[in-house]
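Visitor: I would like to learn how to read salt bridges and sheets in a model. Could you walk me through one?

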Amino acid sequence: MNRRRVFAIVLLTIFILSSILPIVQVAAATTESITLESSLYSAIKQNLTEQNIQATYNDMQHTISISSDEIGKITRLTLSNSNITNISGLEKFSNVTYLDLSSNELTDESDLSILNSLNLN
C-alpha cells in the first residue's frame, strides 16, 4: 500500500511539473536582455519606472531584462539632460515614436544611424 501511494505521488508530481514547465519556458523565451551604456541605462530605467513598465534591472551590468510585450508598450522616451554619449541598444525600443535626446553629449562618434530603426514622428 505504501508503494502505491509513493508511486501515485511521483506520478502526480510529474504531471504537475510537465504542465507548468512549458509555461515557464514560453515566458523565458520572450524576455530580452538589453545592455546599455551607464548614462543611457539610468535614463531609460527612470523612464520605464515612471511609465510603470515591468522590467528587471541589473545596475551593476547596466542590463534591462524586459518582455517583448512590455517593450511594445514603450512609445515615448524622454532622455534629455542625461549625459548620454552612446545610444547603442536604443534600437531595441522599436515602437518609440517620440524621443528626446536634447542636452546630451552625443558626438560624431555616436552611432546616430541607430535612430533609423525607430519610427519617430
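Guide: Gladly. This is a predicted model, where local features need pLDDT of at least 70 and side-chain atom pairs count only at pLDDT 80 or more, while totals for chains, interfaces and linings use all residues. Residues are numbered from 1 along each chain as its sequence is written, and side-chain values use heavy atoms, leaving out hydrogens and water.

Visitor: In what kind of contact do the side chains of Lys-73 and Glu-70 meet?

Guide: Side chains of opposite charge can pair when their charged atoms come close. Lys-73 and Glu-70 form a salt bridge, 2.6 Å from N to O (a side-chain nitrogen of Lys or Arg within 4 Å of a carboxyl oxygen of Asp or Glu). The two are three residues apart in helix H3 (residues 68-73), so about one helical turn separates them.

Visitor: Is Glu-70 buried or exposed?

Guide: Glu-70 is buried, at 9% relative accessible area (buried is under 20%, exposed over 50%, partly exposed in between, with a 1.4 Å probe and protein chains only).

Visitor: Which residue forms a salt bridge with Glu-32?

Guide: Lys-92 does, with the closest N and O atoms 3.1 Å apart. Lys-92 lies in the loop between strands E4 (76-78) and E5 (98-100) and Glu-32 in strand E1, so the pair ties together parts 60 residues apart in sequence.

Visitor: And what is the strand order of the open sheet?

Guide: Strands of a sheet pair through backbone hydrogen bonds, either parallel or antiparallel. Here three strands have the order E1-E3-E2, with antiparallel pairing (pairing takes at least two DSSP bridges; strands are DSSP E runs of at least two residues, helices H or I runs of at least four, numbered from the N terminus). Glu-32 has Ile-66 in E3 as its bridge partner.
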